[in-house]
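Hi there,

Here is the structure I promised to pass on. Have a look at it first, and then read on for my notes.

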Amino acid sequence: MVAEVNTFTDQLQVSVIIVNYNAGQILAECIQSALPQASEVLVVDNASSDFSLELCTQRFPEEPKLRIIRNAANLGFAAACNIGVAQATAPYLLFLNPDCVLSGGSLHRMVQVLEISPSAEMIGGLLINQDGTEQAGGRRAMPTPWRSFVRAFGLYRFERYWPRLFFDFHLHKQALPDCPLEVEAISGALMLVRQKAIENVGPWDEGYFLHCEDLDWCMRFRKKGWKILFVPDAPVVHYKGTCSRSRPIFVEWHKHKGMMRFYRKFFRHEYPGVVMWLVAMGIWLRFGAITAIYSARRAGRLLGLGRE
């Protein structure tokens, strides 16, 4: 797996915070893409058991801009992000997934947009797949209970007839804008914020272990009156799922648990109790279905191995 060569040499006053958990060799590629552009790179490791940190120490021996913070246990994504924030020294913070590789100049472009946008405090770039297509999640509307219901049951197919009623919160299917665009939410895989904004909004909510903490932060930023901008000409390759493949059911459990926390925290007073009950039922039925699928696939693989 080879990272794109970063040709932008100007060092920015940005602390890159990477939360690692068994990311493997892609972590080193992620760091390599960030080091030439940032003033420091902080890797907060959640007690990884693989070789990812060893590869980093071998590849970047005595690198002055790289710091590795080792947690004794897996504290979750939000808690690890907050540890990184406490250690960061630059005025801008880039939260970057370990399975992301910055393209040359992408970080500079994101900082440039943030500096010329005084009403914005959070910036996201263009998350792309390995084939160059736009990835879901980089720009999105807030997934309210109704929007999630529309998405879960495929009702977004009626968006062309009733766009306001059956709106799909995934925006990557829309045409890529020509310039930075205000959105309701971006992905925690690639999130640039001002250090001072965190003092105003507050840290990541550590009540989330994995997933939905980025939506929570986006919601809180917007409630404080800050804009969130999506920058289409700041591409970053995201090798999505690298850190979650080994424990899919564990990841899905925390994802669905995070959904419940998010909905109860922000929408409990906007929707009748029966609606929230239906939302909860839908979330856990979805988790049960996904668990059954993963379990069936695993059983099938084990049976296949047993026959060999």
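This is a predicted model: local features need pLDDT of at least 70, side-chain atom pairs count only at pLDDT 80 or more; totals for chains, interfaces and linings use all residues.

The secondary structure of the protein chain comes to nine helices and nine strands. Its radius of gyration is 20 Å, close to the 19 Å given by the globule rule for 308 residues, so the chain is as compact as a globular protein of that length.

Of the 308 residues, 53% count as buried.

The protein chain has an accessible surface of about 15100 Å², and carbon and sulfur atoms account for 56% of that. As for charge, there are 34 positive and 29 negative side chains, with the centres of the two sets 9 Å apart.

The helix I would point you to is H7, residues 213–223. Nine of its eleven residues are buried, so H7 is largely enclosed by the rest of the structure. The buried ones include charged residues, namely Glu213, Asp214, Asp216 and Arg220. Leu215, Trp217, Cys218, Met219 and Phe221 are buried as well. After H7 comes Gly225, which has a positive phi, near 90°.

Best wishes

Methods:
Residues are numbered from 1 along each chain as its sequence is written. Side-chain values use heavy atoms; hydrogens and water are left out. Buried means under 20% relative accessible area, exposed over 50%, partly exposed in between (1.4 Å probe, protein chains only). Helices (H or I, at least four residues) and strands (E, at least two) are DSSP runs, numbered from the N terminus. The radius of gyration is taken over C-alpha atoms; the globule rule is 2.2 Å times the number of residues to the power 0.38. Accessible areas come from the Shrake-Rupley method with a 1.4 Å probe; for residues, only the protein chains shown count as cover. The place of a charge is taken as NZ of Lys, CZ of Arg, CG of Asp or CD of Glu.
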